[in-house]
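The notes after the display are grouped by topic.

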Amino acid sequence: MLSVRQNQLLTQVGPGTPGGNMLRRYWYPIAGLAELDDDPVKAVRLLGEDLVLYRDRGGRLGLLGALCPHRRVSLEYGFPEQEGLRCCYHGWLFDHEGRCLEQPAEPPESSFKDKIRHSAYPVQEMGGLVWAYLGPDPAPLLPRFDVFVWDNAWRDVGVGTLPCNWLQCAENSVDLTHVDYLHGMYYDYVLERQGRPPRKKAERRFGGVKQVDMGFDQFEFGLKKRRRLEGAGEDYREWQEGGNPFIFPSWTRAGGRGSLQIRVPVDDTHTACYLYSCYRPDDGEPVPSQARVPVYEVPLFDERGKFRTDWITGQDMMAWVMQGPIMDRSLEKLGASDRGVILFRQLVLDEIEKVKKGGDPIGVLRDPSRNDVIVLKREEGPVENVRFMDNHWQQFSPIYEEAKALMLRHKTKRFSAQNAASQPV
Ligand code: FES
Ligand SMILES: [Fe+2]
């Protein structure tokens, strides 16, 4: 249980708030590159700020404050020029650094435009996504995590925006005990209500085996989450060395080995989810090149307007949103099994303190020699990737069938002989 004041400290994301200042030290995805092929100007809201992302006719990306500094019309209705974005109202032209290049209605000899500097933020492309950084200079490196930069792979990204604070999504990733119920018993109940058979044991998370213990270890980019399953001893390899990475502040590797769930704080009461997948054969089988990384909407609601809970991340999303726009943590009752949540909140508070003192929070990367490809080792399991796809967001992808066929040919790495002996399924 937290005080109202502590809850605010952990959940506020806007400019000038302690939490917002800490969250601004990270890069966030704000769009799929494919979206800009369809429309080169996109309104974006990130960390409580309204912005406009554009690609000019010269191919350069820019991210500007949404409201034109002249008479405050939204640049969302601006149009791209060879260089920069032009406001639709009186034609002021801005470049990617916020410089005003033209003011068509001002006298030709005027230097007024040189006095204008509009808000602008750095953006980069990686893995079919556009990434933005809203923090102070110098910007840290954009971390090159494996799924974004591996060659010989296909990718896609599902998107959905939820009406709840980012912390609810992040806390879910360290709340390991929900898996047995929300993704186990409840999932089967939902299938029963739909007149569908329960899932086979092999299709369930961890082969349907109960978790009996959990552990959390800090690593360079966040936390490693470990679980011990019923029937496995203390020497179970995954318990000793394994774990699923949780990347601070709010990403998790879940939904298959080549996937990441990226939760982006839009404002205090909204979170954008980028459900990212990378389909890559372990055996080096050549993959035909992909023209662009498709972006698709994940179906959050059914025909009754209720959350669709017949897929795993849909179940999680329902839980996050049902906790309220900003969960009132002064009313919760935490038990011993919630220690991951308690530990994570302390980590958020610690990182807020670090930033207050002028330091970098966990995972902020400034060493280029560390940023070739950052491999995120994840929990191994007996369930093949393709089974994850059927229960996760990948099933909604426009390339689902082709990707599934690719992964069926994929030679999934198996446990080592030593681990197979101790793994419990
Ligand atoms: S409001 Fe943008 S140019 Fe006038
Ligand atoms: Fe979950």
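Predicted model: local features only at pLDDT ≥ 70, side-chain atom pairs only at ≥ 80, totals over all residues.

In the hairpin of E2 and E3, which residue takes a positive phi? Leu47 does, with a phi near 50°, and two residues lie between the strands of that hairpin.

- Strand E2 (residues 41-46) runs antiparallel to E3, and six bridges join them.
- Val44 has Leu51 of E3 opposite it.
- Strand E3 (residues 49-55) is mostly covered, with six of its seven residues buried.
- E3 is also joined by five bridges to strand E4 (residues 61-65), again in an antiparallel arrangement.
- Leu53 has Leu63 in E4 as its bridge partner.
- The hairpin of E3 and E4 has five residues between the strands, and there Gly59 takes a positive phi near 95°.

**The largest nonpolar core**
- This core has 81 residues, of which Leu46, Leu53, Ala132 and Tyr274 touch the most other members.
- Strand E18 (residues 270-279) supplies the largest share of the core, seven residues.
- The core lies between domain 1 (31-133) and domain 2 (146-422), because both give residues to it.
- Beyond its neighbours within four places in sequence, Leu46 is in contact with residues including Tyr28, Ile30, Ala132 and Val264.

**Helix H11**
- In helix H11 (residues 400-409), the buried residues are Ala403, Leu406 and Met407.
- These residues cover an arc of only 95° around the axis, so they are on the same side of H11.
- Glu401, Ala405, Leu408 and Arg409 are exposed on the other side of H11.

Conventions
Residues numbered from 1 in each chain as written. Chains lettered and ligands numbered in written order. Core = buried A, V, L, I, M, F, W, Y, C linked by C-beta atoms within 7 Å. Buried ≥ 20, exposed ≤ 12 C-beta atoms within 10 Å, placed from the backbone. Helix = DSSP H or I, 4+ residues; strand = E, 2+ residues; numbered from the N terminus. Domains from an automatic or database assignment. Contact = placed C-beta atoms within 7 Å. Arc of directions from axis to C-beta. Pairing = 2+ DSSP bridges.
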